[in-house]
Amino acid sequence: MFFPICAQYDKLSETARIKAEKIAEFFHELSTLIFQDMRKNAEELIRKTVEKGTAAVAALTADSQSPFTYIAEEISEVMNELSATPPEEITICRLKDALLCLNIAAFAADTDGLRNPPYKAVFHYISETKDQLGITIEFFTNLSCDLSQESNEQSSIDLRQWGNILLFYLKGEIQKLGTHLNEQQRNALDAVCRKLSVTIQHTADPSKEDTAKLKEDIRKVYAAVMAESEVLGAYGEPLKYIADAIKEMV
């Protein structure tokens, strides 16, 4: 007498199995569509970034007498790498490296623009490229599941790298000033460079006790560079720009 009941259970089991297979198939198709949509969005964001970067390069090189060819080459190299990298191989770290390169290019352009004001109009193309890359980074960041540790580690590395870049530019400006510096001014600026170099090393992994001292050291470097730039007048404008960037390190 249990045979009809067993047959009914078998029928229900078979129905459930078929429905489960259909549900699994549905979710597989759904996940595939979602992945394809995400890939499409990622490709579009990268394309827009490269498009902005290409426009920046064109603007920087439109004038044959432009002094910004080396900056255009740097941006072009970054854009070529992004366009040649498949979306599945794009990482947040790689995008942040690209943004760092754009920040360096923008800083160099802004510094040189103090000497060549007529060229400032082309700089907004670099800013647009940076903004678009920022949107792209945000999209890829939202796809990541574990960002807190990467973000914390990356911040200290970027700070140290940026400090070294600013030190490089500061030394370069001191060299460009050449005969506009007397011996006392050169010695003072050389001392500032040494101070900044030591301070940068402490940004790698500062303890809570060192954080206050780190900020104070950076403020001292900023004040020293600003003081020397004031003495130099118009020749000191690029130093002021670098000093402001140093101040923003913390």
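This is a predicted model: local features need pLDDT of at least 70, side-chain atom pairs count only at pLDDT 80 or more; totals for chains, interfaces and linings use all residues.
Among contacts in the protein with a separation of 6 or more, what percentage do residues 24 or more positions apart account for? They account for 76%, where a contact means heavy atoms within 4.5 Å.

Residues are numbered from 1 along each chain as its sequence is written, and side-chain values use heavy atoms, with hydrogens and water left out.

The protein has 8 helices and 0 strands. Both kinds of element are DSSP runs numbered from the N terminus: helices are H or I with at least four residues, strands are E with at least two. Reading along the sequence gives α-α-α-α-α-α-α-α. Of the 250 residues, 33% count as buried. Here buried means under 20% relative accessible area, exposed means over 50%, and partly exposed is in between, using a 1.4 Å probe and protein chains only.

## The nonpolar core

In soluble globular proteins, nonpolar side chains tend to be buried together. A nonpolar core is a set of buried Ala, Val, Leu, Ile, Met, Phe, Trp, Tyr and Cys residues joined through side-chain atoms within 4.5 Å. The largest one here has 61 residues, and Ile71, Ile75 and Leu170 have the most contacts inside it. At least two core residues come from each of helix 1 (3-61), helix 2, helix 3, helix 4 (124-143), helix 5, helix 6 (183-201), helix 7 (208-232) and helix 8. Helix 3 gives the most, with 10 residues.

Take a look at isoleucine 75: leaving aside residues up to four places away in sequence, isoleucine 75 touches Gly53, Val57, Leu60, Leu102, Ala105 and Ile126.

Ile71, Ala72, Ile75, Val78, Met79 and Leu82 are the buried ones in helix 2. They sit on the same side of helix 2 because they cover an arc of only 130° around the axis, the arc being that of the directions from the helix axis to the C-beta atoms. The face turned away from that buried side carries the exposed residues Glu73, Glu77 and Ala84.

## Aromatic rings that meet

There are 4 aromatic pairs in the structure. Rings of Phe, Tyr and Trp (its six-membered ring) pair if their centres lie within 6.5 Å; planes under 30 degrees apart count as stacked, over 60 as edge-to-face and the rest as tilted. Phenylalanine 107 and tyrosine 169 have ring centres 5.1 Å apart and planes at 40°, so this pair is tilted. The pair links distant parts of the chain, 62 residues apart: phenylalanine 107 is in helix 3 (residues 92-113) and tyrosine 169 is in helix 5 (residues 148-177). Both phenylalanine 107 and tyrosine 169 are buried.

Phenylalanine 107 also pairs with tyrosine 241, with centres 5.0 Å apart and planes at 45°, so that pair is tilted too. Tyrosine 241 lies in helix 8 (residues 237-247), 134 residues from phenylalanine 107. At 26% relative accessibility, tyrosine 241 is partly exposed. Phe107, Trp162, Tyr169 and Tyr241 form one aromatic cluster.

## Threonine 111 and the cysteines

Threonine 111, found in helix 3, is buried at 4% relative accessibility. Not counting residues up to four places away in sequence, threonine 111 touches Glu173, Pro238 and Tyr241.

The disulfide count is 0, with a disulfide being a pair of cysteine sulfur atoms within 2.5 Å. Cysteine 93 is partly exposed at 35% relative accessible area, whereas cysteine 193 is buried at 7%.
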